[in-house]
Amino acid sequence: MNRFAIKAGLGACVLGASVLIPAQASAEPAATATGTELSGMTVFLDPGHQGSSEGHDLAQQVNDGRGNTKDCQTSGMTSLGGVPEHTINWNVSQLVKSSLESLGAKVVLSRQDDTGWGGCVDERARAASESNADVAVSIHADSTAQGEDASKHGFHMIIPSLPIPDEKADAAQSGGGLEASKMMRDAYKSDGFVPANYAGVNDGLQTRADVAGPALTQVPLVFVEMGNGSNKEDSAQLESTDGQLKHAITITTGIVTYLLTGSQSAPAEELAAAPAATTTTPEASEDSASSTTTTMPKATTPKATPQSTAPESAEFSELMEMLAPLLEVEGLDGLEDLVNDKNLGLVSELASTLMAVITGAGGN
């Protein structure tokens with residue numbers, strides 16, 4: 001399945017409609033997906049931070065995975081428009097969850113709502129490891145100042161400094177975690193997002209030894225910083241429903257690309273080229289949450305032959321033009337309820353139109 005195929009499915013998934021995926025873009029007729037493309041696979045989603053820390057000590061010291069300790073949790077940033085990071089992360093994660101489940105994946109969440117306590121960083125990592133997920137994705141947004149910071153902008157993936165003391169965590173992050181992070185970075189770049197220009201970020205990757213999550217997680221982990229909430233343009237996108245949708249589609253694209261084409265083994269040579277950040281940006285966003293969900297070990301699902309991962313970004317513009325009227329009426333929270341007896345035809349027509357746009361665009 002190539003990237004055009006993945007993109008087509010995601011557009012329909014986010015709408016809650018039937019997933020339409022072409023067998024080969026512009027080469028064969030579009031086929032109706034079965035909704036089982038990701039069956040047998042588990043994704044752990046960690047929407048960063050929590051709705052409330054009442055009754056909890058954020059400064060409580062917990063294991064950082066490298067023989068030291070760090071604060072249990074941080075409060076997360078607040079965008080220039082006053083939207084807390086935990087809500088941005090939650091909204092995006094819910095869209096990603098819906099999309100993945102529409103393709104047959106099992107999704108385990110680190111926290112179950114956007115109102116209560118989320119848990120400490122070590123608890124989040126333990127929940128991710130116990131989920132036995134094929135990949136874990138921690139969703140965050142960054143900040144570099146208390147007010148506006150016009151000079152710093154862009155997305156990045158946080159990569160742990162290697163080696164990691166824990167052998168299982170080291171194997172997971174130096175192999176599948178690194179590969180999945182690169183694929184997520186590529187998905188962001190392909191969809192028109194600009195890599196961050198601060199804190200030692202090199203082509204969308206930032207190497208750090210002070211973030212506990214990757215050092216404690218024993219399944220492949222992608223740590224996404226969607227943008228800088230201190231930057232006016234980044235903040236506006238993070239706050240808006242269409243911006244959150246765009247991030248969700250891109251994140252889901254990165255996940256699906258890894259699950260269907262990843263080898264779960266990748267050389268770490270790119271880490272050598274990515275300088276480790278020597279300073280931590282204000283409100284560095286790391287959080288955790290405990291999960292009561294435990295899954296049994298599952299059989300390994302063979303990966304498909306890798307395909308090209310560089311689609312044109314024009315098809316997303318077409319997608320957003322079609323989604324805009326529905327978003328305006330329904331809002332982000334109403335997306336999952338779009339399919340009903342009254343509008344099923346409209347959604348099906350939208351999905352078909354989306355397929356026509358994508359399959360007609362050609363390319364890989």
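Modeller: Leaving aside neighbours within four places in sequence, N89 is in contact (heavy atoms within 4.5 Å) with P47, G48, H49, R111, I139, H140, A141 and M226. This is a predicted model, in which local features need pLDDT of at least 70, side-chain atom pairs count only at pLDDT 80 or more, and totals for chains, interfaces and linings use all residues. Residues are numbered from 1 along each chain as its sequence is written, and side-chain values use heavy atoms, with hydrogens and water left out.

N89 sits in helix 2 (residues 85-102); helices are DSSP runs of H or I with at least four residues, numbered from the N terminus. Because its relative accessibility is 0%, N89 counts as buried, that is, under 20% relative accessible area with a 1.4 Å probe, protein chains only. One of its contacts, I139, is 50 residues away along the chain, yet the two C-alpha atoms are separated by 5.8 Å. A polar atom of the N89 side chain lies 3.3 Å from the backbone oxygen of I139.

As for the helix pair, the axes of helix 4 (residues 167-190) and helix 7 (residues 241-261) come within 8 Å and cross at roughly 135 degrees. Axes here are lines fitted to C-alpha atoms over the stretch in contact, with angles from 0 to 180 degrees between N-to-C directions. Helix 4 contributes G176, E179, A180, M183, M184, A187 and Y188 to the contact, and helix 7 contributes H247, T250, I251, T253, G254, I255, T257, Y258 and T261.

Key. Helix = DSSP H or I, 4+ residues; strand = E, 2+ residues; numbered from the N terminus. Buried < 20%, exposed > 50% of the residue type's maximum accessible area, 1.4 Å probe, protein only. Polar contact = N/O pair within 3.5 Å; in protein donor to acceptor, adjacent residues only side chain to side chain.
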